[in-house]
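Subject: Handing over a structure

Hello,

I am passing this structure on to you, and I hope you enjoy looking through it. Below is the entry itself, followed by what I found in it.

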Amino acid sequence: MLSTADALATLLAAARPLGGIETLPTLDALNRVLAADVVSPLDVPPMDTSAMDGYAMRVADLAHGTARLRVSQRIPAGHAPQPLEPGTVARIFTGATVPPGADAIVMQEQAEPTGDEVALLHTPRAGEWITAQGADIRRGSVILPAGTRLTPQSLGLAASVGCAELAVVRRLKVAVFFTGDELTMPGEPLRPGAIYNSNRFTLRGLLENLGCEVSDFGIVPDRLDATRATLRDAAREHDLILTCGGVSVGEEDHVKPAVEAEGRLSMWQIAMKPGKPLAFGAVRRGENTGAHGDADGTFFIGLPGNPVSSFVTFLLFVRPFVLRLAGVKQVAPRALSLRADFTQPKADRRNEFLRARVNAAGGLDLFANQSSAVLTSTVWGDGLIDNPPNHAISAGETVRFLPFSELLY
Ligand code: AMP
Ligand code: MG
């Protein structure tokens, strides 16, 4: 059996970034991947600004203690100031430009205005309440490197230096289909022996969260010819084909022989729980249609059918693979070290990914039923405990926790 680390390393080694760049208005680039560094053409703030409502002054004018000084100008934000007349102060507001000659701001709470004069009750140090030009961003610096996924705050940062457009990587095209004669869509009555196709909803949501363009080929009958035909169809215009179910070795599992006939496939047994079987390979393409993939085809990943298994294997393997194809550099989730507030006396030979929840005391509670068929655990939980092989957990111990916030996007 393969370790989770080795399986991931093999996948990432195959995931060459896709390329293909488009330029989008910054407002439309949310969740996309930057294709080029964003370099700031200016200092931010572009000038020295006041961080307070108050009075811009010269510290030297207070050398003889508290002083009454004349207010020689008024500077609202967005207006250019005059140089500060010696021996006077300027009324100034937050975000306004500090006038040449001033070297500190006294906040209005520490000043007493009377008529056109003001008494300053505080002697500031030089630079007090002044945000220096370039304090946030220096002109010419890389504010967002290529390979960054654009969050709302990164769009704001790009906009703060005046970027109206961003070069982003084109969206990854992913085809999905589902196998199993037992599968029924919600809205249809449930025949005896049937179950609802929950994985379709989970996996499509996961792919859409990652910014993929998803083509859904629906439920494919458990037959070799139908599975092969769908694979050929899907290979044509996609970068990746993702399926779930049918990758075990049961005689109703046709995905394996179908991919082998249409391309090539490695069947992995990963020493993990839930999960275990994972299929990775490529499906031949007739003609080059602009889609990416392996040199001889479109990438193929077959996930196990059990709902929790397919969810967890997606988070741990498909997510980093997809992000890497899209050119994202940082694909590993950041883990937290948290206290286990439960005991799991039985060690498993496999690397367990336990559904757990952060409690009010900041520790972790475990979902009672860790079966790979119990989808409830994934909704109850806040993330996965990455428990190494052969390791029992005692209460109070620190464990490695992967929050869903690090795995779902
Ligand atoms: P398989 O990997 O095809 O052997 O399926 C393993 C288990 O997962 C079986 O109990 C299937 O009924 C279930 N399963 C497979 N595909 C889905 C799906 N799309 N939605 C929900 N359950 C599924
Ligand atoms: Mg099946």
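How many nonpolar, polar and charged residues does the shell around ligand 1 have? By class there are six nonpolar, ten polar and two charged residues. Here Ala, Val, Leu, Ile, Met, Phe, Trp, Tyr, Cys and Pro count as nonpolar, Asp, Glu, Lys and Arg as charged, and the others, Gly among them, as polar.

Before going on, please keep in mind that this is a predicted model, in which local features need pLDDT of at least 70 and side-chain atom pairs count only at pLDDT 80 or more, while totals for chains, interfaces and linings use all residues. Residues are numbered from 1 along each chain as its sequence is written, and chains are lettered from A and ligands numbered from 1 in the order in which they are written.

Back to the ligand. In total, 18 residues surround ligand 1, a residue being near if its C-beta atom, placed from the backbone, lies within 6 Å of the molecule. The closest are Phe-178, Asn-199, Gly-245, Gly-305 and Asn-306. Helix α3 gives the largest share of this shell, three residues. (Helices, H or I with at least four residues, and strands, E with at least two, are DSSP runs numbered from the N terminus.)

Helix α3 (residues 198-209) also packs with helix α6 (residues 307-325), at an angle of about 10 degrees and with the axes 10 Å apart. Axes are lines fitted to C-alpha atoms, for helices over the stretch in contact, and angles run from 0 to 180 degrees between N-to-C directions. The two helices are therefore roughly parallel to each other, the term for angles under 35 degrees. Ser-198, Asn-199, Thr-202, Leu-203 and Leu-206 in α3 meet Pro-307, Ser-310, Phe-311 and Phe-314 in α6, where contact means C-beta atoms, placed from the backbone, within 7 Å. Five of the residues of this contact are nonpolar, four are polar and none is charged.

Now to the strands, which pair if DSSP finds at least two bridges between them. An open sheet of six strands runs in the order β7-β4-β6-β5-β9-β8, with mixed pairing. β7 (104-107) and β8 (111-114) stand at the edges with a single partner strand each, so one side of each has no neighbour in the sheet. Within the sheet, β5 (residues 67-75) and β9 (residues 117-120) pair antiparallel over four bridges, and Arg-68 has Ala-119 in β9 as its bridge partner.

Elsewhere, four bridges join β22 (residues 336-339) to the antiparallel β26 (residues 398-403).

Best wishes

How values were computed. Parallel < 35°, antiparallel > 145°, perpendicular 65-115°, else oblique. Contact = placed C-beta atoms within 7 Å.
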